[in-house]
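Let's work through a few exercises together, pencil in hand. Have a look at the structure below before you try the tasks.

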Amino acid sequence: MARKLVSCTVNGTKRHYHIDVRASLSDMLRNEEGLDSIKHGCDVGECGACTVLIDGKPFNSCIYLAIWAEGKSILTVEGLNDVKTGISDIQQAFIDAGAVQCGFCTPGFIMASIPIIESDKPASRDEIRRQVAGNLCRCTGYEKIVDAIEKTQKKRIAERKSSS
Amino acid sequence: MYDFNTLYEAKTVKEALILRNEHPEALILAGGSDILIKLHEGKLSGCDLINIFGLDQLRGITMEPDGSIIIRPLCSFTDVATHPLILEHIPVLGEAVNQIGGPQIRNIGTIGGNICNGVTSADSASTLKAYDASLELTSVDGIRILPYAEFNFGPGKVDLKQNEILTGIRISKESWEHTYGHYIKYAMRKAMDIATLGCSVNVRLSDDKNTIDRFRIAFGVAAPTPIRSVTAEASANGHALDDELLHMVGEGSLVDVMPRSSWRASKEFRLHLVKELARRATIAAIEKAGGKING
């Protein structure tokens, strides 16, 4: 089968992959890069467990051709960890709020929540729900997840205000 | 791995047209939120694809010197919903596509794919029909302009020739100027759902805002294809803004629709929705235009 060279930035590092053109982005990142935070949940764009950020926007990596990543910048949960400070505030907030039960959906939810917490516009709980409507959780009932996102968003906005 | 056979890669629109001409059996791959999903479900195994996703010439929304708004087909639903020209002149189209799927699907799904698939539930379709959009269909032989009203033949069947690619969606100034629209998607869930019924209305009121100058209405899932209701439109044009107008819009719509029963809803319930959504969307569009029913 045809293979192609794909060059992209993954979690801040420039990477090159010689990849089967039939691979999905989730195949490429899991198999070539070992980024196991990306879950193959439904594989048809319903559950959001494979959500990654591509140039800052959330996409289902299960229905995205790996070759489309050429020149793009991709962020996964692995890229949120900081060597010095450990896990990120949004990950800690999920733990603190009890927003993680089985954990399978968690990386997808966290990636889907990044555009919310990075926005300067405060989102209501309804808006947060709308922003994570492409992610399914079968354990938590969603309230704790919304709590974690809301709390992190408020914290980030306060931090930006005090530093500016 | 997706189980397709050959992936033909187009680097320019011209290359895509040549590939399309040479491989009429190949499917055009835009955002993939239908094709890649079907491949994962095993439905299109062994198909050939022409990948046009990378063609940035087919992205963007612009206004022509004559005031027409051109939407290029690879615009994602997010692109459409957030574009300043759409927000200013055709906000209802942005509101309609903002009800598709969830954020991830709206980031990848394209408006061109939405209408070329030819399904009746396409959320962009009823609004584009109601705004009397026209389509720019391009082949190696040249460009064909077709009213979107004539594009749908039947479920999944559209007037896209074997060698053509949709390259533009045009909404004339005459269609959007002084015009206010409202779309209602009736679905079982607030997100990630397909419409049980969709209704898009737009109105242009008289200068004194007492009568309908021009009324347009289109439905999704009310027939095998997205359709406009010419009967409702004819009865509403020139009418005063009153209860009789709402009644005639509802009854006129019922003349033109032909919904079926499916697992989502019965034919009877869909007929009820046709009348009720027509009424509600008409009231909302009139209010957006600064008019008032029985005012």
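Each exercise below gives a task and then a solution in steps.

This is a predicted model, in which local features need pLDDT of at least 70, side-chain atom pairs count only at pLDDT 80 or more, and totals for chains, interfaces and linings use all residues. Residues are numbered from 1 along each chain as its sequence is written, while chains are lettered from A and ligands numbered from 1 in the order in which they are written.

**Exercise 1. The sheet of chain A**

Work out the strand order of the five-stranded open sheet in chain A, and find which strands stand at its edges.

Step 1. Settle the terms: helices (H or I, at least four residues) and strands (E, at least two) are DSSP runs, numbered from the N terminus. Two strands pair if DSSP finds at least two bridges between them.

Step 2. Read the order, which is S2-S1-S5-S3-S4 in chain A, with mixed pairing.

Step 3. Look at the two ends. Strand S2 (13–20) and strand S4 (57–60) of chain A each have a single partner strand, so one side of each has no neighbour in the sheet.

Step 4. For angles here, axes are lines fitted to C-alpha atoms, for helices over the stretch in contact, and the angles run from 0 to 180 degrees between N-to-C directions.

Step 5. Check one pairing: strand S1 (residues 3–10) of chain A runs antiparallel to S2(A), joined by eight bridges. Within this pair, A:Cys8 has A:Arg15 as its bridge partner in S2(A).

**Exercise 2. Two helices in chain A**

Describe how helix H3 (residues 106–117) and helix H5 (residues 143–163) of chain A pack.

Step 1. Two packed helices are described by the angle between their axes and the distance between the axes.

Step 2. For H3(A) and H5(A), the angle is about 35° and the axes are 10 Å apart.

Step 3. List the contact residues, where contact means C-beta atoms, placed from the backbone, within 7 Å. H3(A) brings A:Phe109, A:Ser113, A:Ile116 and A:Ile117, and H5(A) brings A:Ile145, A:Ile149, A:Thr152, A:Gln153 and A:Arg156.

Step 4. Now place H3(A) against the sheet: H3(A) lies across strand S3 (51–54) and S4 of chain A, at about 35° to S3(A).

**Exercise 3. A lysine in a turn**

Where does B:Lys209 lie, and which residues does it touch?

Step 1. B:Lys209 is in the loop between strand S12 (197–205) and strand S13 (212–220) of chain B.

Step 2. S12(B) and S13(B) form a hairpin with six residues between them, and B:Lys209 in the turn has a positive phi of about 60°.

Step 3. B:Lys209 is partly exposed, because 14 other C-beta atoms lie within 10 Å.

Step 4. Leaving out residues up to four places away in sequence, B:Lys209 touches B:Gly290 and B:Gly291. The C-alpha atoms of B:Lys209 and B:Ile286 are separated by 9.0 Å, although the two are 77 residues apart along the chain.

Conventions
Contact = placed C-beta atoms within 7 Å. Buried ≥ 20, exposed ≤ 12 C-beta atoms within 10 Å, placed from the backbone.
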